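Here is a quick briefing to keep beside the viewer. Have a look at the model first, then read on.

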Amino acid sequence: MLEAMELRKTFKGKTVVDNINLYIEQGEAVGLLGPNGAGKSTTISMISSLLYPSSGDVRLDGRSVLKTPGDIRRIIGVVPQEIALYEKLSAYENLRFFGSIYKLKGKHLTDRIANTLELVGLTERQHELIRTYSGGMKRRINIAAALLHEPKLVIMDEPTVGIDPQSRNHILDTVRKLNREKGMSVLYTSHYMEEVEQLCSRVYIMDHGRLIASGTKEELLRILSGEETMIVQLSKPSPELLMELRGLPFVRSAEETEDGVKLIVTKQSGILTEVVQAAERHHVQIVQIQVHTPSLEDVFLHLTGRKLRD
Amino acid sequence: MLPYLKKDMLVFWRDRNELLVVLLVPIVLSVILGYALSSWIEAGPSDRSASIALVIEDNEEEAFAEFRNVIMGFDREDSWRANVLEDAEVYRVIEGLRMTFASDEVKEWVEVAETTGNQAVTMLQEKEVTAILTIPRGFTLQALERAWLQEGNGGTIMISALEHSLKLDLVTGVVDRYMREANVGMGLRYVLQDMPGQHQLEEGMKLQPKGGMELLDSVKPITSFQYFSLSMGMIFTVLISATIAFHASGEKRERVIERIRLSGNNPFYYLGGKFAASFMIAFLQLTSVLTACHFALGLFYGRSVAFWGGLAIIVIVFSFMVAGLAVFFTSVMFRMKNIDAANALFNLLLIIIGVIGGGFVPLYVLPEWLRSIGEWTPNGHALTMALQWIQYEDGGQLASKLLLLMVYAILLAALSAWIYPRRGRAV
């Protein structure tokens, strides 16, 4: 359905997005993962025709849409990271305006407003001004505004940033509903790994403007198939212990957590003994050790050397 | 375009408190400045640079001798002849005008050089004088015949100048006032000699414009309230352009503009909506301020329907100009990366053109060079136009000035459409 080919964007000689290739099939939910500054928003802006790429192409059903942005604008709905709404207007007035500029009129417009309000669960508060809404409610109207014209593809740029868990769950439910019940394609960017794991069948991982991995969840997890994650809870923090653990041959990565260390280690025998001995050498008591198979978060850490929310 | 207009008007309506302040402040300032600076406006400029060349081609003694012959030729009783000649003798207009210019009140700010016609023209061309005041041959006799015999059209004094200016207005005002007083006197004398009683006095007052003399250009003085109501109303209306751009900067900051772009609408709809909203708000603002000031301060009582029509057209065209400026600022803001810097720049620019365009102080207190620039600013131009309309009600002059203001509006709107970014430049 939609394909981005070798997209590149340069600002003042600095390449912020480099050689991005991605595709989205009809009815598919695809995740775009990356830490802040990875280039996700720039990529989305180029795909949605808001930004002209320095090079590369965006194709809709095999046809380039770079020079005819209207073609792609008709079928996409973009949920920006910012609350792109008029604070001094009510939710209803906002939706009425955004629906009108998509040339929706009369009863059709009224019906679409009612449907999207119902979808995001804000029908009863539709006549209140946006500035009186909580962050989560604003985000839900932000999504509703992108759905009025019934797009085939919804591009969501971190739609759950800075909101309460209840609103977050509501938004995730909405996205699921759109994708699974209404058959909308979804391109979902986030730095919350668990959201992408829940919603998306395929994931692209970006860092420093480049795609560093892509595939289904299983394909990505296979990157760390010979490894496991070890979460060690310690009696007190010890930078010296962390240094020593990083130097051990079977440790692929080690990072400090709130109450200990998290290690990604190569699967082999004798690891536990070496970790315990190292702790003793630094007079640190091990309170608890958990060993489990790696998550996508661990894959990301492995690939980039940093956490998603760094 | 209609959804954009509705949305912008709704957003403005939600800022009712801000709107109220924007409406009240110019009214309050008009009252304060109108009282505080009335001497600046109504007494004219304090410098003594207003100067005129007085060319007297008429000979008053010859005129009176001739008038005597005319009167003596009438087949009337001797007492009537004696009365007319006695009354007419009192009204030596040229001498009276000389005395007016020599009076302490006038000579303080108008210098008069009595000279010949050719010399006066040279002085005018070399800008040594503001105007030439010519009393042509036959003036006195024509004035006397008109006043006492109701014959002819009366005498006409001519004022010649290279360009219109406030100094010229001052000189014209002095002569006009003198002529009116003289006309009233002559009119009364004429009527009282035939009709006894109170009725005569009333009839005499009605004859004021037929007293026997006419000034080519009649001027209505500007009151300080009129000046400041217009200047404050206009400067606060111009500020709407920056407010509109400020609202648009919010749309840019919050990325609402990207949502709008994604709708695939022609960007001119967006600008068109801003233009229409700015026009309507500017029109309402200026109309409200002038209406409120009119009723509160009695700005234009007794003026004709034509005058009000002209004023309405000025307000409409000025609002178009403000709308042009609003969309121009909006497009510039979208081009600039730093939104705060853009908003600061617009406000600074408006304050500068507000000052040099006579928004806060009368135009003539500014240095000549600054005033020349100020009269070319959209608000300065509109203010000058409105003041001239109050004074002269000259439709031809108004039309040419309105045309220029319209050109400003169209140019600004066209420039705005040209520079408005079609696709986002940065993320």
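How many contacts beyond four places in sequence does the model have for residues 44-48 of chain B, where pLDDT stays under 50? The model has nine of them for that stretch, a contact being two residues whose C-beta atoms, placed from the backbone, lie within 7 Å. pLDDT is the predictor's confidence in each residue, from 0 to 100.

Bear in mind that this is a predicted model, where local features need pLDDT of at least 70, side-chain atom pairs count only at pLDDT 80 or more, and totals for chains, interfaces and linings use all residues. Residues are numbered from 1 along each chain as its sequence is written, while chains are lettered from A and ligands numbered from 1 in the order in which they are written.

**Confidence**

- For the complex, the predictor gives an ipTM of 0.74 and a pTM of 0.67.
- Chain B has a mean pLDDT of 79, with 85% of its residues at 70 or more.
- Within chain B, helix α15 (residues 305-335) has the highest confidence, at 92, and helix α11 (residues 198-206) the lowest, at a mean of 37.
- Residues 191-219 of chain B also stay under 50 in pLDDT, and the model has 59 contacts beyond four places in sequence for them.
- Where pLDDT is low, the predicted coordinates should not be read in detail.

**The two chains**

- Chain A comes to eleven helices and 14 strands, and chain B to 19 helices and five strands. Helices (H or I, at least four residues) and strands (E, at least two) are DSSP runs, numbered from the N terminus.
- Of the 310 residues in chain A, 42% are buried; of the 427 in chain B, 43% are. A residue is buried if 20 or more other C-beta atoms lie within 10 Å of its own, exposed if 12 or fewer, and partly exposed in between, with C-beta atoms placed from the backbone.
- Take the contacts between residues at least 6 apart in sequence: 70% of those in chain A join residues at least 24 apart, and 82% of those in chain B do.

**Where the chains touch**

- The contact draws 27 residues from chain A and 20 from chain B.
- On the chain B side, α1 (2-14) and α13 (256-262) each supply at least two residues, and α13(B) gives the most, with six.
- By class, that side of chain B has eight nonpolar, four polar and eight charged residues. Here Ala, Val, Leu, Ile, Met, Phe, Trp, Tyr, Cys and Pro count as nonpolar, Asp, Glu, Lys and Arg as charged, and the others, Gly among them, as polar.

**Helix pair in chain B**

- Helix α12 (residues 224-253) of chain B packs with helix α18 (residues 378-392) of chain B at an angle of about 150°, the axes being 10 Å apart. Axes are lines fitted to C-alpha atoms, for helices over the stretch in contact, and angles run from 0 to 180 degrees between N-to-C directions.
- That angle makes α12(B) roughly antiparallel to α18(B). Angles under 35 degrees count as roughly parallel, over 145 as roughly antiparallel, 65 to 115 as roughly perpendicular and the rest as oblique.
- Residues of α12(B) in this contact include B:Leu230, B:Met234 and B:Val238, and those of α18(B) include B:Ala382, B:Leu383 and B:Ile390.
- The contact of α12(B) with α18(B) has eight nonpolar, three polar and no charged residues.

**Helix pair in chain A**

- Helix α3 (residues 91-101) of chain A and α4(A) pack at about 130°, again with axes 10 Å apart, and that makes α3(A) oblique to α4(A).
- From α3(A) come A:Tyr92, A:Leu95, A:Arg96, A:Gly99 and A:Ser100; from α4(A) come A:Leu109, A:Arg112, A:Ile113 and A:Thr116.
- By class, this contact has four nonpolar, three polar and two charged residues.

- A:Asp111 sits in helix α4 (residues 106-120) of chain A and is exposed, because it has 11 other C-beta atoms within 10 Å.
- A:Glu197 is in helix α7 (residues 193-199) of chain A and counts as partly exposed, with 16 C-beta neighbours inside 10 Å. Beyond its neighbours within four places in sequence, A:Glu197 is in contact with A:Lys217 and A:Leu296.
- B:Asp394 lies in the loop between α18 and α19 (395-419) of chain B and is partly exposed, with 15 C-beta neighbours inside 10 Å.
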